[in-house]
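Me: I have a model open and would like to talk it through with you. Could we go question by question?

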Amino acid sequence: MVFWEGYASDETMGTFAPLVVYWLYAGFYQLLPPLDKYRLHTRTEENEKNLVPLGSVIKGVLLQQFVQAVVAELLFLVTSNTSSSGEVVQPSLTVQAVQFVIAMLVMDTWQYFVHRYMHLNKFLYRHVHSQHHKLVVPYAIGALYNHPLEGLLLDTFGGAISFLVSGMTARTAVFFFCFAVIKTVDDHCGLRLPGNIFHLLFQNNTAYHDIHHQLQGTKFNYSQPFFPLWDKLLGTYAAYTLVKRPEGGYEARLKKD
């Protein structure tokens, strides 16, 4: 039993709930006060270093989400296994948990190799992936600010493949896609808030990804959004230290050998 039962199908929720969750969670961060003592970059750095205005970022995210919604609708249409009675038998919570973990690992694997290739291929980096790196100082609303082709290949296809390989139902996918969106937004929020559960449970977090957005870190920390597994296995892992700034906040610095 879920709260939307009787009001919307699981497929509809799987398509639109992640979009709503994105704007609610990113908007929450956007509306917070400055919180300078928890920021990885100062407001001045955010304004001076970023190469694209907020309005363009919002338009770019909306375009990606439009494509994402279309693909999700097609995906659910061709994979629907509703019985003649109109019901889908949901697996046990244990099975759903296993599917959840499988989907996380599949998404990480897909995104690591596509993301890394977009850095290694100079044409793709210059004409596609560099759009995301125009946000040198990441912030929550810009988490999905990508070139449309990157949004399709990296995020949308990554989500679709995770769904298919894990074998989850549309109902489980609602929770997985929303969780992935929340984690991605959090990784780009630029804040180290005390008690943030993502920083406690995941090594791949805000500071970890912030290193990748810095000029000296673009060849490291490709893993996203969950685990640093592939970075560690393939030698692209970059450890970091958090240094307190005199004026408040933190700075994520690469650890030197």
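This is a predicted model: local features need pLDDT of at least 70, side-chain atom pairs count only at pLDDT 80 or more; totals for chains, interfaces and linings use all residues.

Me: Which residues does the UniProt annotation "domain: Fatty acid hydroxylase" cover?
Reply: Residues are numbered from 1 along each chain as its sequence is written, and side-chain values use heavy atoms, with hydrogens and water left out. UniProt positions follow the numbering used here, with shortened feature names, and annotations may be inferred rather than shown by experiment. In the unreviewed entry, that domain annotation covers residues 100-236.

Me: How far apart are the end C-alpha atoms of residues 100-236?
Reply: Helices (H or I, at least four residues) and strands (E, at least two) are DSSP runs, numbered from the N terminus. On that basis the span is 60% helix and 0% strand. Its end C-alpha atoms are separated by 26 Å.

Me: What pattern does the protein follow along the sequence?
Reply: There are ten helices and two strands in the protein. Read along the sequence, they give α-α-α-α-α-α-α-α-α-α-β-β.

Me: How are α1 and α3 oriented to each other?
Reply: Axes are lines fitted to C-alpha atoms, for helices over the stretch in contact, and angles run from 0 to 180 degrees between N-to-C directions. The axes of α1 (residues 10-31) and α3 (residues 54-79) come within 8 Å and cross at roughly 160°. Angles under 35 degrees count as roughly parallel, over 145 as roughly antiparallel, 65 to 115 as roughly perpendicular and the rest as oblique. The two helices are therefore roughly antiparallel.

Me: And how is α4 oriented to α7?
Reply: The axes of α4 (residues 93-120) and α7 (residues 170-187) come within 11 Å, crossing at roughly 45°. That makes α4, relative to α7, oblique.

Me: Which residues of α7 make the contact with α4?
Reply: Contact means heavy atoms within 4.5 Å. From α4, the contact is made by Q96, Q99, F100, A103, M104 and M107. On α7, the residues are T172, F175, F176, F179 and A180.

Me: Why does the radius of gyration agree with a compact globule?
Reply: The radius of gyration is taken over C-alpha atoms, and the globule rule is 2.2 Å times the number of residues to the power 0.38. With 257 residues, a compact globule would have a value near 18 Å, and this agrees with the protein's 19 Å.
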